[in-house]
Amino acid sequence: MYNFSHILYSHSDYDNVWEVWKHQLDKYLPNSRVHMFVDEFSLQETYPYDIVLYQDSLQYTDRVISCLDKLTDDEEVVIYQHEDMFLYDMPDIATLNQLAELVRVEDVDLIRLVRVVNPLIKFNKHPLLYENPTNDKYSTQPTLLKVKTLKKIFSQSPNRNVWDFEKHCSSTCNDMRSYFCYSNENKRGLIHYNSETYPYIATAVCKGQWNMEEYPNELTKIFYEMGI
């Protein structure tokens with residue numbers, strides 16, 4: 001059904017968000033394959049995922065690298081994301097599969113599933129794709145790419161926290177064939193746009209609180225549905 005799997009990076013401090021992420025994935029993309037990167041985990045019966053553990057003492061990039069090294073298929077196409085970037089509406093599965101196929105045949109290296117404030121420079125192999133600028137090839141948002149590409153990106157920035165990692169990527173990812181998906185959606189907040197292809201919350205947790213300022217209707221609906 002899907003030409004892609006998921007990599008979910010998280011930490012046990014955010015275990016209260018896992019239930020929401022799983023609920024939304026099961027609702028909109030049921031029976032998805034998920035590799036979950038986490039420091040500790042004891043809920044295997046509730047979360048039938050491929051659990052990959054990292055050492056909590058490591059920096060963010062080294063945590064991810066250690067988990068990626070444990071995956072067995074470097075050619076696997078995945079959506080890499082954090083736990084607070086969960087779906088709030090039905091994704092466009094047909095388009096996601098088309099984009100994943102472009103990644104699989106290596107017409108592109110990565111596709112971010114949301115537009116940030118960047119100019120619109122068309123990519124001729126798909127009507128919804130635009131080029132990411134040289135200094136913004138990668139950011140920590142849901143992104144379609146191969147495991148081997150994710151390994152390359154993270155391996156170029158060892159021993160860094162998530163904020164330093166993103167800054168460092170502006171110089172290390174210049175050679176990436178990097179694109180973003182956009183279909184004239186409205187802007188949401190200061191720098192992001194909505195995404196009809198993969199409608200997710202960017203992001204659901206800000207400074208330890210639910211992001212009710214930018215996503216009040218979406219989060220309220222989810223919490224009501226889940227009885228939270």
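Asn159 sits in the loop between H4 and H5, with helices and strands here being DSSP runs (H or I of at least four residues for helices, E of at least two for strands) numbered from the N terminus. Phi of Asn159 is near 55°, a positive value in a residue other than glycine. At 52% relative accessibility, Asn159 counts as exposed; the cut-offs are under 20% relative accessible area for buried, over 50% for exposed and partly exposed in between, with a 1.4 Å probe and protein chains only.

A word on the model: it is predicted, so local features need pLDDT of at least 70 and side-chain atom pairs count only at pLDDT 80 or more, while totals for chains, interfaces and linings use all residues. Residues are numbered from 1 along each chain as its sequence is written, and side-chain values use heavy atoms, leaving out hydrogens and water.

Glu106, in the loop between helix H3 (93-104) and E5, also has a positive phi in a residue other than glycine, near 65°. Here are the accessibilities of some loop residues.

| Residue | Relative accessible area | Class |
|---|---|---|
| Gln55 | 54% | exposed |
| Glu106 | 35% | partly exposed |
| Asn159 | 52% | exposed |

Gln55 belongs to the loop between strand E3 (50-53) and helix H2 (60-68). H2 itself is mostly covered, with 7 of its 9 residues buried: Tyr60, Thr61, Arg63, Val64, Ile65, Cys67 and Leu68. Their cover includes strands E1 (5-9), E2 (34-38), E3 and E4 (77-82), plus helices H4 (147-155) and H5 (162-172), where contact means heavy atoms within 4.5 Å.

Gln55 and Met226 are 171 residues apart in sequence and 32 Å apart in space, C-alpha to C-alpha. What angle do the axes of H1 and H6 cross at? The axes of helix H1 (residues 15-28) and helix H6 (residues 216-226) cross at roughly 90° and come within 11 Å. Axes are lines fitted to C-alpha atoms, for helices over the stretch in contact, with angles running from 0 to 180 degrees between N-to-C directions. H1 and H6 are therefore roughly perpendicular to each other (65 to 115 degrees). Glu19, Val20, His23, Gln24 and Lys27 of H1 make the contact with Ile222, Glu225 and Met226 of H6.

Thr203 lies in the loop between strand E10 (192-193) and strand E11 (205-206).

How values were computed: Angles under 35 degrees count as roughly parallel, over 145 as roughly antiparallel, 65 to 115 as roughly perpendicular and the rest as oblique.
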